[in-house]
Amino acid sequence: ENRFESGNLFKKLVCCIGEIGVNLLKQSDELKRLAGGDLVRIEFKQKSIFSAYNYAKIVLAVNSLPETCEKTRGFYSRWLIVDFYNVFSKSADVISSIPEEEWENLCAKLCKILLGLLKAGEFTNQGTFAERAERYEERASKLNDWLKKCCEVDNDKECPFWMAYGDYIAFLNQQKARIVSKIEFSIILRAKGFTIYKKDVENEDGSKRVIRYVQGVGLKN
């Protein structure tokens, strides 16, 4: 969102990011331009604005991906997710123990792999668009798991929003996942195609109150 940040990538080949925010990703236009070969607006403080192409490959080493309102082919096709399942102890510096000869061997092997990569135009096991979209959603959102395990998804079903939100928060706590706000929860539901609406409900004393409902979702318990 900072208009000067794209200037940090100017004439760079690699951009390594150690962690990203876990808040809902609402704006992805700049990210798609950076990764899609489009002209990017470059601005430095107290200097003229100009446009240039981004050549920096963006590499993120993160524990979780942000949930997003973007559900388009252009967004999902820009992600190549590689899972690292092994956990290493920090008691020893493994990198410093690797001899120089092994680094040379690695570089020689990468040069050979690069030729095949450029010819194929894609990475091995990159997956189809649908597979890449599913891979992202599995790592960014627990909503699909919650819908499968805790809900009955049917257009004839409905559930008070506060009840659905409370059940989802309980599910996130069980999964040790990040807790989302009510606003994020409503945005994610709408992005999934669910409708949130208000309805008048009559109390026991005959008075009425307005409650928000989620159309298409019913809790199993």
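Gln46 is exposed (over 50% relative accessible area, against under 20% for buried and in between for partly exposed; 1.4 Å probe, protein chains only), at 85% relative accessibility. This is a predicted model, in which local features need pLDDT of at least 70 and side-chain atom pairs count only at pLDDT 80 or more, while totals for chains, interfaces and linings use all residues. Residues are numbered from 1 along each chain as its sequence is written, and side-chain values use heavy atoms, with hydrogens and water left out.

Gln46 sits in the loop between β2 (39-42) and β3 (50-53); strands are DSSP runs of E with at least two residues, helices runs of H or I with at least four, numbered from the N terminus. Although Gln46 is not a glycine, its phi is positive. A positive phi also occurs at Lys11, again not a glycine, in the segment before β1 (14-17).

| Residue | Phi | Relative accessible area |
|---|---|---|
| Lys11 | about 65 degrees | 71% |
| Gln46 | about 65 degrees | 85% |

Lys32, in helix α1 (residues 29-36), is buried at 18% relative accessibility. Leaving aside residues up to four places away in sequence, Lys32 touches Asp38, Glu70, Thr72, Gly74, Phe75 and Arg78, where contact means heavy atoms within 4.5 Å.

Arg190 belongs to helix α7 (residues 182-191) and is partly exposed, with 44% relative accessibility. Together with Lys182, Lys198 and Arg212, Arg190 forms a positive surface patch.

Note on methods
Patch = residues over 30% accessible without salt bridge, like charges linked within 9 Å, V, L, I, M, F, W, Y side chains within 5 Å. Areas by Shrake-Rupley, 256 points an atom, 1.4 Å probe, with all protein chains shown as cover. Salt bridge = Lys/Arg side-chain N within 4 Å of Asp/Glu carboxyl O. Lys, Arg positive; Asp, Glu negative; His and termini not counted. Charge placed at Lys NZ, Arg CZ, Asp CG, Glu CD.
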